[in-house]
Amino acid sequence: MRGPKHCHADSLAALTAGVLVVDEGGAVSYANPGAGRILRRAPEEIVGARVEDVLAPIDPLRGGDAGEARRESTVRLPDGSTTVVGFSASAAASDGSRTVLFQEISNVLELRRERDRLLQMAALGDALPSMLHELRNPLAAMTSMLEVLIEDADERIRPDLHAVLWEVRRMNLTLQGVGGLVRPVHADQHVSVDLAVSEACRILEPSAARCGVKLDARVPPMPLLPLDWGVVSGVVFNLVKNAIEACSEGDTITVSAGLEQGDSFALRVHDTGVGMTDEVRRRCCDLFFTSKEKGSGIGLALCQQIADTSGGRLDIESTPGVGTTITMRVPLQPQKN
């Protein structure tokens, strides 16, 4: 018949969490299979090791009392990688030993970071419309005033005024990229869409050049089209900005636009950057999804939204190590419901 100690050992062995028994001197006297799985070591390799060498320093364990809040520790694994564990230690037994219960929480921390990022983006989304409105009006006034001043300015200061106007236009393009896509692409007025695309590329060219990336715009003259200048500029901004971030020194970005079959407008951005894996490509248009540490996950989602609401589509072709091509196609006339 199995005694109480055997039953107790069987219960510990069945736990998915890690369990260590640490003696008063800080040496591990017992490790269950869960501990071996988390620490990437065979349990018999853990027994006899110093607890600070396999899990956490001994002082936090000695300070732990039953019911104390869970602690966290970054653990270096045998292959040189690290993981984060949450652990708690029991009060000392009569022989000074303690039982330490721990679990791997790296995934939990990643979800926590993602939650915090989404909360920040939600707060920004609440404030963004009023912020954009407050910024656009002064920028429009500055642009008009600078254009008038340049016409009447002395040749000596005209280059400086051109430089200021260029920066104002760059700021305005950034705002179009952030908030311009909330409007429909179709418009009542006909505009020079080819100039909108070309100007956006000229404004973004210095940003590409600073990264050692060549930005090439191939946009033939087109007739005036019933599309919103700001929305088209915003799409160019987001697609080219994403392409720049995917490229390294020596890479090339090619932007092209034109009419297809006479009744649709196509905008294409091709880069020779890192490309996307199949998983990233499938999710890259999901709102707030990003594979970049400081990405917002908004740009491509907004481009997808504007293509969908305009009766068009956004096609993405990408190969890791080769590059990415994104094409937005929209009909020139809005679809009737």
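This is a short walk through one protein chain, from the overall layout down to a few single residues.

Okay, hi everyone. Before anything else, keep in mind that what you're looking at is a predicted model. The chain has 337 residues, and 41% of them are buried. As for secondary structure, we've got 11 helices and 12 strands. If you take the contacts with a separation of 6 or more, 59% of them link residues 24 or more positions apart. The accessible surface is about 18,900 Å², and carbon and sulfur atoms account for 54% of that.

Let's go inside. Nonpolar side chains in soluble globular proteins tend to be buried together. Here, the largest nonpolar core has 43 residues, and the ones with the most contacts inside it are Val 197, Ile 253, Val 255, Phe 265 and Leu 267. Several elements give two or more residues to this core, among them helix 8, helix 9, strand 9, strand 10 and strand 12. So which element gives the most to this core? That's helix 9, with 9 residues. There's also a second, separate core of 20 residues, which includes Ala 35, Ala 49, Val 51 and Leu 55.

Helix 9 deserves a moment of its own. You'll find it at residues 229-246, and its 18 residues reach 26 Å from the first C-alpha to the last, close to the 26 Å expected. Most of helix 9 is covered, with 14 of its 18 residues buried. Look at the N-terminal end and you'll see Asp 228 capping it, with a side-chain oxygen 2.8 Å from the backbone nitrogen of Gly 230.

Setting aside neighbours within four places in sequence, the residues in contact with Ile 253 include Val 213, Leu 215, Val 240, Ala 243, Ile 244, Cys 247 and Val 269.

On to the strands around there. Strand 9 and strand 10 are antiparallel and share 8 bridges, with Leu 259 opposite Phe 265. These two strands make a hairpin with 3 residues between them, and Gln 261 in the turn has a positive phi of about 55°. Strand 10 also pairs with strand 12, again antiparallel over 8 bridges; there, Ala 266 has Arg 329 as its bridge partner. As for cover, 6 of the 8 residues of strand 10 are buried.

Let's jump to another set of strands. Is strand 4, at residues 82-89, enclosed or open? Well, 6 of its 8 residues are buried, so strand 4 is largely enclosed by the rest of the structure. Strand 3 pairs with strand 4 in the antiparallel sense over 6 bridges, and Val 75 sits opposite Thr 83. Their hairpin has 5 residues between the strands, and Gly 80 takes a positive phi near 95°. Strand 4 also runs antiparallel to strand 5, joined by 5 bridges, with Ala 89 opposite Val 100.

Last stop: Arg 41, in the loop between helix 2 and helix 3. Beyond its neighbours within four places, Arg 41 is in contact with residues including Asp 53, Val 54, Arg 76 and Pro 78.

That's the tour, thanks!

Technical notes:
Residues are numbered from 1 along each chain as its sequence is written. This is a predicted model: local features need pLDDT of at least 70, side-chain atom pairs count only at pLDDT 80 or more; totals for chains, interfaces and linings use all residues. Side-chain values use heavy atoms; hydrogens and water are left out. Buried means under 20% relative accessible area, exposed over 50%, partly exposed in between (1.4 Å probe, protein chains only). Helices (H or I, at least four residues) and strands (E, at least two) are DSSP runs, numbered from the N terminus. Two strands pair if DSSP finds at least two bridges between them. The expected span of a helix is 1.5 Å times one less than its number of residues. A polar contact is a pair of N or O atoms within 3.5 Å; within protein, one must be able to donate a hydrogen and the other to accept it, and residues adjacent in sequence count only if both atoms are side-chain atoms. Contact means heavy atoms within 4.5 Å. A nonpolar core is a set of buried Ala, Val, Leu, Ile, Met, Phe, Trp, Tyr and Cys residues joined through side-chain atoms within 4.5 Å. Accessible areas come from the Shrake-Rupley method with a 1.4 Å probe; for residues, only the protein chains shown count as cover.
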